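My notes follow in the order I looked things up.

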Amino acid sequence: MKSARVLGMVWYRTCCLSSKRLGDEIRPLITPNASIIARFLKSYPVQTFLSPPNQCTTGGRWRAIAALSSVQAKFLHRAHTKRLNLVDVQLTESIQSKQFHSNDQKSIQAAAPATAPAPAPTPATRSVPLSHLKDNFLDGTSSNFLEELQRAWEQDPNSVDESWQVFFRNFTGQSQPSPRAFAGPAVVGSESIQENMRLLLLIRAYQVNGHMKAQLDPLELDRRAVPQELDLAYNNFGERDLDREFSLGFAQMGGVLAESRPPQTLRSIVQRLEQAYCGTTGYEYMHIPDRDKCNWLRERIEAVNPRKFPVEKKTQILDRLIWSSQFENFLAQKWTAAKRFGLEGCETLIPGMKELIDKAADLGVESVVIGMPHRGRLNVLGNVVRKPLRQIFNEFSGGIKPAEVEAGGYTGSGDVKYHLGTSYDRPTTSGKTIHLSLVANPSHLEAVAPVVIGKTRAKQYYSQDTKRLKHMAVLLHGDGSFSGQGVVYETLHLSDLINYSTGGTVHIVVNNQVAFTTDPKYSRSSPYCTDVAKALCAPIIHVNGDDVEAVVHACELAAEWRCKFHADVVVDIVCYRRFGHNEIDEPNFTQPRMYQVIKKHKPSLDIYIKKLNDSGEIKMDMIQSMQDRVMSILSDEFNHSKDYVPKKRDWLAAFWAGFKGPEQLSRVRNTGVNPDILKEVGKKITHLPSTFSPHRAIKKIYEQRLQMIETGQGVDWATAEALAFGTLVAEGNHIRLSGQDVERGTFSHRHAVLHDQKTGERLCPLHHVVQNQAQEMFTVSNSSLSEFGVLGFELGYSMENPNSLVLWEGQFGDFANGAQVIFDQFLSSGEAKWLRQTGLTVLLPHGYDGQGPEHSSARLERFLQMSDDDPFVIPEVEASLRKQIQEVNWQVVNVTTPANYFHVLRRQIHRDFRKPLVVMSPKNLLRHQACKSNLTEFDDVEGHPGFDKQGTRFKRLIKDQSNHSDNEPGIRRLVLCSGKVYYELEEERQRLASTDVAICRIEQLCPFPYDLVQRELRRYPNAEIAWCQEEPMNMGSFQYVSLRLATTMSHIGRGQFEDIKYVGRPTSAATATGFGNLHNTEQKGLVRKALQKEPLD
């Protein structure tokens, strides 16, 4: 009996494994024992062993293996370690005690007398190598175990598991097995256990490797070897077996193996599997460690009656395919030499996407955010998102500037037509309406992916879509970029993070089978370009791009999966490019064989028309009528495009109502806060419940913060930041801060999220600023170890609604290097290219304190270099006419006081336009004794520090703190600086007791404060002018500031560029030295030089 049970366990576990080699190694062990297994199958509850490998404990498997003979155990050990990826697994002495199953142990314990003594403590286990096990599976230990179990059953049948009750009744001839207790395979007719086992292996092979036999390549160039496991002969079946019936129903299984399935012939089983897995669609889903998800897919893939479209549906598919194909043909005829990155070779994408959107709308989705590269973008814009065709045609002629330009409107630089986005409310075939938005994207193919995910998450927040049902992201990819771009992996791994998840994304890969000019074997190491998605356990649907009905079905299934399981799914449309990388490229240079085939290959529209005509479902005259109608509409739109004048709203479809563009005047607003509100918010953000047990150091920090609020003295950086966040939340604004380790802060200064030292419970005081505050209203979240993906996500999030302060913080400033594409292509130029505003704030720790070249500089010079203000033109400085900050592309600041940091954050919200803000945030200033502010600098009380006719606000320049008058002719040198070097200069000035040197801090570098610098130059008419910085001369802000400072000096007659003295480190390749002593020497040297008595060189 024991051998039957153990071998049965081995067999059923083997059925759950996908490894062919494992099946080969197990088969010789099973075959000689078929009669034993047959007895086992009639008696033992085999459903115990039908769970997927990930749901079976390793211990349970080893207990089964340990009961085999030594040779057999070694054999299985090798097989299972290959599946489980285990190395040098050893069995403990507890295995030898034959403790088989937890239910068995419970049964014995239940049968034990009440007076039985307590069991002795289990001795410490000692590892025993598998090779040292000597027991044979025919020894008496197991029989003793079964005898005890039988005695317990005889005394009280209910004391053992129900399956054992049935077993013993059957064993003693009292009854037949209960169908409810056993869900194993039923044996019919003359079929043997061995045949059932082989058939299960065959079915499993189709589910795992059927896609390898599928007809996926429309060009038939990718000829892959069919796995031998799919061969009937390999599984010892022949022609004689095809019409024999097999019963394969299992509990908790779906598809062909579903319990409800009637007996089937081998022929019908194989035909169904061939149709399901080896047609023009291939499926990969057996890597998903969830039985319910796999069964859901099996039911749809292995359906008895495969889904067939009615004639009405086929007519709709044909119409959509005609629109897709004729659109490309029309553009090719009208603009033969223009780059358009057409969709020829994958025209079936359009019917597929439209079906995806229609199905999603029927399942409750209200809006879809789309991101895609340039190939096929114009077709998607026109046929899916419904951008006016006349506008697209007008853009080909180059006349795209709106009428408002004549009245001084702003159009920016613009972008090529195949990078632009739009939005539209599209009706569906079922009568619903769904909002579509296609996000503008540069030529960095996958850069838009995290932006789309972030925008989708923001939509879900603002619509309170906490279940992620109403808003969905769809991302289109190329095959080369999906497997080759790292940001794809970064974006995929945001999918299930608490503060980043959007409830699943539908990924559609337009698989050209070539990346620009690079063949797949040179562009990836994996069999498929989509294999990266397996890391997420996402199902992958490969489909032949020539089969439009298969593409439509795949997209429909993808929509159902996403709406059912709220998880990612991938549709891989295997297609080709009819032309090269673009229409004027010559592909025969690099892929001559492929393009010889493509030249002769019929388009997907011709293939589908022939199919419909041959079947008689749609007649040719009707098809011709449909084509004529589409061509007539295209021609009519083309004629109207010649006189088309875009309206501003065509460009600014996502422009926020009431917010102003760069050409519109916007007044400066007060950012101070009422003192009573400040104190109230301050107390709430420093309050810790009495039931919460913080770390003692954290408790002290919060006590000190409360003291700062109560006394109004010595407010530090972290407290000022928390006050800015808290007061904005109190005003009804959404705050979101993310990045690596932002909850605590890289430098252990923020402590926005606390952890109970006893329970591990998390507490965020900023979640309790207002009554009944939604937790997500203030979100602070540690991100994955990603810069590119996470910054892109936050950018997309910030673009959705202007009434939010969205921040991303780099762990160190130089970590921004990993996200340079987002800075270059989106943040610095997005408004100019696409007229899309964002108020995203970026915090980059910056400052020279001896941490070496990697963690000293945030590369300030790069952000200043990308600023678009003219260094030779002084803008209008009159407050009532000033538009300087609206006209510049972004703001770059290097603030030096907690109060100024407070105001610059609040300024992001308290104005009627939005600009990105780049903050060179401090490191050692976080705890610097001199870097403190009084609470009066935060309020809006007239007469308090910082208050002027506009109220309390951000100081773009902080003047010398020596109470100088408006005219100080006795000052011999004016030192201008920015950032933490000010405190070192001030400390040295005090040490020297120098009263003839003035030090001014430029807090806002971009846009440059020309008006305030002029004021200071006039205040010190005889002063030598110096710029002091920590960074090397070729870095930092010197190159940016010096040009603008020279323009200012020239404007008021104070000198030229040559009159500016530089004080700082010399030019360098590395940002800083890695030697601590050298750093200290350099730092002291530049500070002393700035204050020296002698004139500067």
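Before naming any element, I note that helices are DSSP runs of H or I with at least four residues, numbered from the N terminus. The model is a predicted one.

**Entry: a threonine in a helix.** I looked up T456 and found it in helix α17, residues 448–462. Is T456 buried or exposed? Its relative accessible area is 0%, and under 20% counts as buried, so T456 is buried. I then listed its contacts, leaving aside neighbours within four places in sequence. T456 touches V369, H471, M472, A473 and T502.

**Entry: the sheet.** Next I traced the strands. I found an open sheet of 8 strands with mixed pairing. I wrote down the order as β5-β11-β12-β10-β9-β6-β8-β7. Which strands lie at the edges? They are β5 (281–284) and β7 (422–427), and each pairs on one side only. From one strand to the next, the twist averages 20 degrees.

**Entry: two strand pairs.** I checked β9 (residues 471–478) against β10 (residues 505–511). These two run parallel and are joined by 6 bridges. Within this pair, I saw V474 opposite V506 in β10.

Then I went to β7 and β8. Y424 has L436 in β8 as its bridge partner. The hairpin of β7 and β8 has 5 residues between the strands. There I noted G431, which takes a positive phi near 95 degrees.

**Entry: a helix pair.** Last, I looked at α14 (residues 349–362) beside α21 (residues 548–565). How do their axes cross? They come within 8 Å and cross at roughly 30 degrees. Angles under 35 degrees count as roughly parallel, so I call α14 and α21 roughly parallel to each other. Their crossing is right-handed.

I listed the residues that meet. From α14 they are P351, G352, M353, E355, L356, K359 and A360. From α21 they are V548, V551, V552, C555, E556, A559 and E560. By class, this contact has 9 nonpolar, 1 polar and 4 charged residues.

Definitions and conventions: Residues are numbered from 1 along each chain as its sequence is written. This is a predicted model: local features need pLDDT of at least 70, side-chain atom pairs count only at pLDDT 80 or more; totals for chains, interfaces and linings use all residues. Side-chain values use heavy atoms; hydrogens and water are left out. Axes are lines fitted to C-alpha atoms, for helices over the stretch in contact, and angles run from 0 to 180 degrees between N-to-C directions. Angles under 35 degrees count as roughly parallel, over 145 as roughly antiparallel, 65 to 115 as roughly perpendicular and the rest as oblique. A crossing is left-handed if the near helix is turned anticlockwise from the far one by less than a right angle, and right-handed if clockwise. Contact means heavy atoms within 4.5 Å. Ala, Val, Leu, Ile, Met, Phe, Trp, Tyr, Cys and Pro count as nonpolar, Asp, Glu, Lys and Arg as charged, and the others, Gly among them, as polar. Buried means under 20% relative accessible area, exposed over 50%, partly exposed in between (1.4 Å probe, protein chains only). Two strands pair if DSSP finds at least two bridges between them.
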